[in-house]
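Student: I am new to this structure and would like a close look at one part of it. Could you walk me through some of the salt bridges?

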Protein chains: 2
Amino acid sequence: MELNEKQIQILKVAEKLFAENGFDGTSVRNIAKEAGVNLAMISYYFGSKEKLLSTLLLYRMADFKIQINTVLSEDRGFIEKAEAIVGLAIKRIHRNRRMYKIVHFEYSNLSRNVNFNQYVEKKKENFKVIEVFIKEGQEAGVFSKNVNIPLMFSTITGTYFNFYYNKRFFQDMHNLQGEASIDDYIFNILTPHVQRTIKALLTYEE
Amino acid sequence: MELNEKQIQILKVAEKLFAENGFDGTSVRNIAKEAGVNLAMISYYFGSKEKLLSTLLLYRMADFKIQINTVLSEDRGFIEKAEAIVGLAIKRIHRNRRMYKIVHFEYSNLSRNVNFNQYVEKKKENFKVIEVFIKEGQEAGVFSKNVNIPLMFSTITGTYFNFYYNKRFFQDMHNLQGEASIDDYIFNILTPHVQRTIKALLTYEE
DNA sequence: GTTTAATTTAAACAATCGTTTAATTTTGCA
DNA sequence: TGCAAAATTAAACGATTGTTTAAATTAAAC
């Protein structure tokens, strides 16, 4: 898959509009207009609207994998590493929030003819990496046993997206105006909350 | 707002289809056909497709408020009460999962002309009730300070919905077939995970 | 039983949808 | 410069969209 600049421009506009208005709420004419290209170019480049979504999915998937090698190799305790990993995870989720939102809605839409295999594989890879780290922490006696790793991921990602899907509510509640103050909230309030939650969960003994 | 049986039938079908295929992915003809009513009846009863969504929102909103009075009045410890409240919350979220999914997508869709004020108010009421309970627990020395209550809600609701939005993934991973085994997973695996997480968070001291 | 109101229906409305066509322009290479 | 391939365009396609209409049917009131 080799994409030229114009194709990438179309993909980025499509990602924005799909995330804002949904796949069905976005017309190819909307995309073409905002991307500044002729309507027919989308069929010409991607074949169809659904294939455009599939291409977008593949294009963005490269960024779905957690990059925690540097964190793991550092000389820090398990708790500090867990904290750092959560921080990295939220950064990556926030960067890919639009793509995640699209996946959340379209992945559970059975009538959609889009291939999500790559998404599933990336997710499984992420679990494997974290699983190894947590088992090491358990053997070292730092982390408690019986932590459900897929659900721990759900807690991290889910907390972020429940904020994101209720953004207007949180904006109203905390007087957050503009993208910058939302980013501030995510990195200064939400991230510490999730870090605290995961640290608590990983060390909790009944 | 008084709805007859046929109107409620239409609302229920609309809720199902909106949740499955999105608001824009559902046509009024789809709704009319599945509800077994004439196409024009929807305009006749509700005025428009958007007003149908507004009516649905109001109709379902009654069930959004947490009912925890019985739990709070029981003679149990704060930890056990917190556990029970989380269990009730997940039950309620699961029961209203379709409505929540619709709200998640449409509430962040700015072009949609739907009134979400009632949704926001119900959310705030829920926070107030929980806030009182947690402050009591803090004063009793059981719960640790500095818990962000709206974000704790996000953690509960978010964990559930990250599971729900990746249902196909979890089904594949754990061989869950049919609605019954999904319900089993939610009540026997997911709910204990969230209860454990919240208990850990509420008692965590750095 | 008659009349008025409420309900239900099929048909039509204009607008928009995704996609295709065929003609034109631009590009890259000999 | 000439020519074939690639890119771009405006226009049209049939299908589907939400909504309205006006006529037909049923229910309720007197």
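Tutor: Happy to! Let's start with Arg112(B), which is buried, with a relative accessible area of 13%; buried here means under 20% relative accessible area, exposed means over 50%, and partly exposed lies in between (1.4 Å probe, protein chains only). Its salt-bridge partner is Glu106(B), with the closest N and O atoms 2.6 Å apart. A salt bridge is a side-chain nitrogen of Lys or Arg within 4 Å of a carboxyl oxygen of Asp or Glu. Glu106(B) is buried too, at 7% relative accessibility.

Salt bridges that share partners also build a network, joining Lys16(A), Glu20(A) and Glu34(A). Glu20(A) is partly exposed at 37% relative accessible area, and Lys16(A) is partly exposed at 32%.

Back in chain B, Glu74(B) forms a salt bridge with Arg76(B), the closest N and O atoms being 2.5 Å apart. Here Glu74(B) is partly exposed at 35%, and Arg76(B) is partly exposed at 39%. Over all chains, the whole structure holds 26 salt bridges.

Please keep in mind that this is a predicted model, where local features need pLDDT of at least 70 and side-chain atom pairs count only at pLDDT 80 or more, while totals for chains, interfaces and linings use all residues. Residues are numbered from 1 along each chain as its sequence is written, chains are lettered from A and ligands numbered from 1 in the order in which they are written, and side-chain values use heavy atoms, leaving out hydrogens and water.
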